[in-house]
Amino acid sequence: MQDLNIQTRFVGKKLTDVDFSDILSEIEKGSEDKQAEKVQQTNHDDTENGDLLDQHADLDIESDVAEVPKKKRKMSKTGARKQWSRNEEQEVRRYLQDNFKSSTTPGKAECEKAMKLSLENNGELHKRTWGLIVKKVSNMLAKERKK
């Protein structure tokens with residue numbers, strides 16, 4: 001009933017009052033009409049396509065289609081891991097000593113400040129990213145907590 005959109009005819013009626021043979025006859029009638037329409041449409045499409053193919057028989061269909069190159073996935077720029085030197089660890093402790101005293105990991109601003117001081121004092125810490133410095137401090141604090 002919902003497929004044929006005829007439920008509005010039966011609003012407020014009980015199931016005992018509805019004659020299902022009428023509904024079934026409408027379903028059969030609707031499906032026959034749809035099949036006839038499909039056959040006509042298919043025949044019409046075939047004749048049009050045949051005419052088009054005859055007109056353009058000399059064209060090479062495969063050469064007209066341009067190949068779209070696949071996009072290559074960008075690889076992350078992960079360089080080789082560089083081990084922390086003793087000098088770098090000492091600089092981390094020196095420039096971020098407040099964080100070690102309070103046992104907190106530094107934020108971006110604190111790390112960038114330490115990197116700036118390292119650059120001014122010809123240190124090595126400025127060569128690292130602030131994210132790596134945060135991870136290093138976090139790991140050093142975790143190691144101290146285990147002791």
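Predicted model: local features only at pLDDT ≥ 70, side-chain atom pairs only at ≥ 80, totals over all residues.
Asparagine 122 sits in the loop between H5 and helix H6 (130-146). From the N terminus on, the elements simply run α-α-α-α-α-α. Here's a quick tour, starting with the whole chain and then turning to helix packing, the core and some individual residues.

**The chain as a whole**

- The protein chain has 147 residues, and buried ones make up 18% of them.
- Its accessible surface comes to about 13,100 Å², and 50% of that belongs to carbon and sulfur atoms.
- Take the contacts in the chain with a separation of 6 or more: residues 24 or more positions apart account for 51% of them.

**H3 against H6**

- Two packed helices are described by the angle between their axes and the distance between the axes.
- For helix H3 (residues 86-95) and H6, the angle is about 85 degrees and the axes are 11 Å apart.
- Angles of 65 to 115 degrees count as roughly perpendicular, so that is the label for H3 and H6.
- On the H3 side, the residues that meet H6 are Glu89, Val92 and Arg93. H6 answers with Lys136, Val137, Met140 and Glu144.
- Sorted by class, this H3 and H6 contact has 3 nonpolar and 4 charged residues, with no polar ones.

**H5 against H6**

- H5 also packs with H6, at an angle of about 105 degrees and with the axes 9 Å apart.
- H5 and H6 are therefore roughly perpendicular to each other as well.
- Lys108, Cys111, Glu112 and Met115 come from H5, and they meet Trp130, Ile133 and Val134 in H6.
- By class, you get 5 nonpolar, no polar and 2 charged residues in the contact of H5 with H6.

**The nonpolar core**

- In soluble globular proteins, nonpolar side chains tend to be buried together.
- The largest nonpolar core in this model has 14 residues. Val92, Leu96, Phe100, Leu125, Ile133 and Val137 are the ones that touch the most other members.
- H3, H5 and H6 each supply at least two residues of this core, and H6 gives the most, with 5 residues.
- Phenylalanine 100 is worth a click. Leaving aside neighbours within four places in sequence, its contacts are Val92, Arg93, Val137, Met140, Leu141 and Glu144.

- You'll find tryptophan 130 in helix H6. Its relative accessible area is 36%, which means it counts as partly exposed.
- Not counting residues up to four places away in sequence, tryptophan 130 touches Lys108, Cys111, Glu112 and Met115.
- Tryptophan 130 and glutamate 110 are 20 residues apart in sequence, with 8.9 Å between their C-alpha atoms.
- Glutamate 88 lies in helix H3. With a relative accessible area of 2%, it is buried, since the cut-off for buried is under 20%.
- Which residues does glutamate 88 contact, leaving aside its neighbours within four places in sequence? They are Gln83, Glu124, Leu125 and Arg128.

- Most residues other than glycine have a negative phi, and most peptide bonds are trans.
- Serine 103 is not a glycine, yet its phi is positive, near 55 degrees.
- Where is serine 103 found? Look in the loop between helix H4 (97-102) and helix H5 (108-120).
- Serine 103 has 40% relative accessibility, so it counts as partly exposed.
- Serine 103 and valine 137 are 34 residues apart in sequence, and their C-alpha atoms are 9.4 Å apart in space.
- Back to asparagine 122: this residue has a positive phi of about 55 degrees too, although it is not a glycine.
- Is asparagine 122 buried or exposed? At 70% relative accessibility, asparagine 122 counts as exposed, because the cut-off for exposed is over 50%.

Definitions and conventions
Residues numbered from 1 in each chain as written. Heavy atoms only, no water. Helix = DSSP H or I, 4+ residues; strand = E, 2+ residues; numbered from the N terminus. Buried < 20%, exposed > 50% of the residue type's maximum accessible area, 1.4 Å probe, protein only. Contact = heavy atoms within 4.5 Å. Areas by Shrake-Rupley, 256 points an atom, 1.4 Å probe, with all protein chains shown as cover. Axes fitted to C-alpha atoms, helices over the stretch in contact; angles between N-to-C directions. Parallel < 35°, antiparallel > 145°, perpendicular 65-115°, else oblique. Nonpolar A, V, L, I, M, F, W, Y, C, P; charged D, E, K, R; others polar. Core = buried A, V, L, I, M, F, W, Y, C linked by side-chain atoms within 4.5 Å.
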